[in-house]
Amino acid sequence: MELNCPIKVEHDRKRRQFTVRLNGSHDHAVLLYEYIGKKTVDLQHTEVPDAYRGRGIAKHLAKVWERGQKQDMHTSKEVFRGCFCCPCLPVKQI
């Protein structure tokens, strides 16, 4: 992945994951989540290929989820609290 290259994140609601294609290849990074309870989402797991680790890609995936929640608050959609259970993500709750 090139530095200063925009990262396009795809959200697959059916598979409950956010995905980034890396360098347009078959390599990709993913953030998996599950709904727990009525208003809580467990951000369970991130997978980033070894060659791309340490570049903040997993953190970026979590931020995209967080931005989506902030947008939903402004458009009256249902908002979920996030629980970051993946050890690669910052330890906090939203």
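Which residue takes a positive phi in the hairpin of S3 and S4? Glycine 37 does, with phi near 75°, in a hairpin that has 3 residues between the strands. The structure is a predicted model, in which local features need pLDDT of at least 70, side-chain atom pairs count only at pLDDT 80 or more, and totals for chains, interfaces and linings use all residues. Residues are numbered from 1 along each chain as its sequence is written, and side-chain values use heavy atoms, with hydrogens and water left out.

**Confidence and layout**

The predictor's confidence in each residue, pLDDT, runs from 0 to 100. The chain averages 75, and 65% of the residues score at least 70. Among the elements, S2 has the highest mean pLDDT (90), while strand S5 (residues 81-84) has the lowest (60). Where pLDDT is low, the predicted coordinates should not be read in detail.

The chain has 1 helix and 5 strands, in the order β-β-β-β-α-β from the N terminus on. Helices (H or I, at least four residues) and strands (E, at least two) are DSSP runs, numbered from the N terminus. Of the 94 residues, 34% count as buried; buried means under 20% relative accessible area, exposed over 50%, and partly exposed in between (1.4 Å probe, protein chains only). The accessible surface of the chain comes to about 6,600 Å², and 50% of this belongs to carbon and sulfur atoms. These areas come from the Shrake-Rupley method with a 1.4 Å probe; for residues, only the protein chains shown count as cover.

Contact means heavy atoms within 4.5 Å. Among contacts between residues at least 6 apart in sequence, 38% join residues at least 24 apart.

S3 and S4 run antiparallel and are joined by 7 bridges; two strands pair if DSSP finds at least two bridges between them. Isoleucine 36 has threonine 40 in S4 as its bridge partner.

**The nonpolar core**

A nonpolar core is a set of buried Ala, Val, Leu, Ile, Met, Phe, Trp, Tyr and Cys residues joined through side-chain atoms within 4.5 Å. The largest one here has 15 residues, and those with the most contacts inside it are Phe18, Leu22, Ala29, Leu43, Val48, Ile57 and Leu61. Strand S2 (17-21), strand S3 (28-36), strand S4 (40-47) and helix H1 (57-74) each give two or more residues to this core. The largest share, 5 residues, comes from H1. In soluble globular proteins, nonpolar side chains tend to be buried together.

Not counting residues up to four places away in sequence, alanine 29 touches Phe18, Thr19, Val20, Leu22, Glu47, Val48, Pro49, Ile57 and Leu61. Alanine 58 lies in helix H1 and is buried, with a relative accessible area of 10%. The C-alpha atoms of alanine 58 and valine 20 are separated by 9.6 Å, although the two residues are 38 apart along the chain.

**Aromatic pairs**

Rings of Phe, Tyr and Trp (its six-membered ring) pair if their centres lie within 6.5 Å; planes under 30 degrees apart count as stacked, over 60 as edge-to-face and the rest as tilted. A search of the whole structure finds 2 such pairs.

| Pair | Centre to centre | Angle between planes | Type |
|---|---|---|---|
| Phenylalanine 18 and tyrosine 33 | 5.8 Å | 40° | tilted |
| Tyrosine 33 and tyrosine 35 | 5.8 Å | 90° | edge-to-face |

Phenylalanine 18 lies in strand S2 and tyrosine 33 in strand S3, so their pair ties together parts that are 15 residues apart in sequence. Phenylalanine 18 is buried at a relative accessible area of 5%, and tyrosine 33 is buried at 3%. Tyrosine 35 is partly exposed, with a value of 35%. Phe18, Tyr33 and Tyr35 form one aromatic cluster.

Arginine 16 is found in the loop between strand S1 (9-12) and S2. Its phi is near 55°, a positive value in a residue other than glycine. Arginine 16 counts as partly exposed, at 31% relative accessibility.

Glutamine 17 is found in strand S2 and is buried, with a relative accessible area of 12%. Leaving aside neighbours within four places in sequence, glutamine 17 is in contact with Glu10, His11, Asp12, Val30, Leu31, Leu32 and Tyr33.
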